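The questions below go through one protein model, from its overall dimensions to single residues.

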Amino acid sequence: MTIRHQHELDGLRRAGALVSGILAAMREQAIAGAVSRDLDAYGAELMRNAGARSAPALTYDFPGATCISVNAVAAHGIPDGTILRDGDLVNIDVSAELDGYFADTGASFVVGEASPAQQRLLDATREARDTAITQLRAGGLLNGIGRTVETVAAKRGFRVIRNLGSHGVGRALHEAPGTIPGHYEPRDTRRLHDGMVITVEPFLATHCSQTREGDDGWSMVCPRGFAAQFEHTVVVTHGEPIIVT
């Protein structure tokens, strides 16, 4: 999506505020003893109350309103009967359609108290996202996102998962400019333009550079170690980017 009018930005902001609020509410409920499926049902209820629809369910018939990924599952985890325990590394990804606008956000966290190693991974992944966003400018190369993420990951001693990345969003969950790698692709000559709506969502891991598809046909699993993700929906401008989530 390319934002051309104020009412479009306003609509995207409303969708962004909704998904970020649902993510925060679900995060508060994600304590030891909570059941993944119940957390998802809570998120689904919040969407319904707001007149919104789950984007992954609407777009891909995903078997959940949100994606809840635990420990070795890096992304696209199906909400199920998993009981959260202290020390679990969890990612909640919330995307929804509201009045024709799609917004997408996500965050990783540890149930209870994070270990020093877990906290380093979380801090590095959030840093990669935030640093990549601050450098977005219309006219810049799209591969600057991957370059920044890869630089932060290397500096902090982590790997970038190469088969998961950012994407266009706004009028659909996944749209032009398509997938945006979280690693540096020197042959990618695509450029950012004013009003472009994208996600910025690095996936950093301790031992994993590629995820594999789980037996359920949805979840993306790290064969070794753990991963984290932080995500915002962003509008590119000639000046400071606009974060709508």
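Q: What radius of gyration does the protein have, and what would a compact globule with 245 residues have?
A: This is a predicted model, in which local features need pLDDT of at least 70 and side-chain atom pairs count only at pLDDT 80 or more, while totals for chains, interfaces and linings use all residues. Residues are numbered from 1 along each chain as its sequence is written, and side-chain values use heavy atoms, with hydrogens and water left out. The radius of gyration is taken over C-alpha atoms, and the globule rule is 2.2 Å times the number of residues to the power 0.38. For 245 residues a compact globule would come out near 18 Å, which agrees with the protein's 17 Å.

Q: How many helices and strands does the protein have?
A: Helices (H or I, at least four residues) and strands (E, at least two) are DSSP runs, numbered from the N terminus. Counted in this way, the protein has five helices and 15 strands.

Q: What percentage of the residues of the protein count as buried?
A: Buried means under 20% relative accessible area, exposed over 50%, and partly exposed in between, with a 1.4 Å probe and protein chains only. By that criterion, the buried share of the 245 residues is 54%.

Q: Among contacts between residues at least 6 apart in sequence, what percentage join residues at least 24 apart?
A: A contact here means heavy atoms within 4.5 Å. Within the set of contacts whose residues are at least 6 apart in sequence, the share that joins residues at least 24 apart is 70%.

Q: Is Ser166 buried or exposed, and what is its relative accessible area?
A: Ser166 lies in strand 7, which covers residues 165–168. Leaving aside residues up to four places away in sequence, it touches Gly178, Thr179, Ile180, Thr199, Val200 and Glu201. Ser166 is classed as buried because its relative accessible area is 4%.

Q: How far apart in space are Arg13 and Thr233?
A: Arg13 is located in helix 1 (residues 6–29), and with a relative accessible area of 38% it is partly exposed. Beyond residues up to four places away in sequence, Arg13 touches Ile242 and Val244. Arg13 and Thr233 are separated by 220 residues in sequence, and their C-alpha to C-alpha distance is 9.5 Å.

Q: What is the omega of the peptide bond from Ala176 to Pro177?
A: Pro177 belongs to strand 8 (residues 175–181). The bond leading from Ala176 into Pro177 is cis, with omega near 10 degrees. Most residues other than glycine have a negative phi, and most peptide bonds are trans.

Q: What phi does Asp99 have?
A: Asp99 sits in the loop between strand 4 (89–98) and strand 5 (101–110), and it counts as exposed because its relative accessibility is 56%. Although Asp99 is a residue other than glycine, its phi is positive, near 55 degrees.
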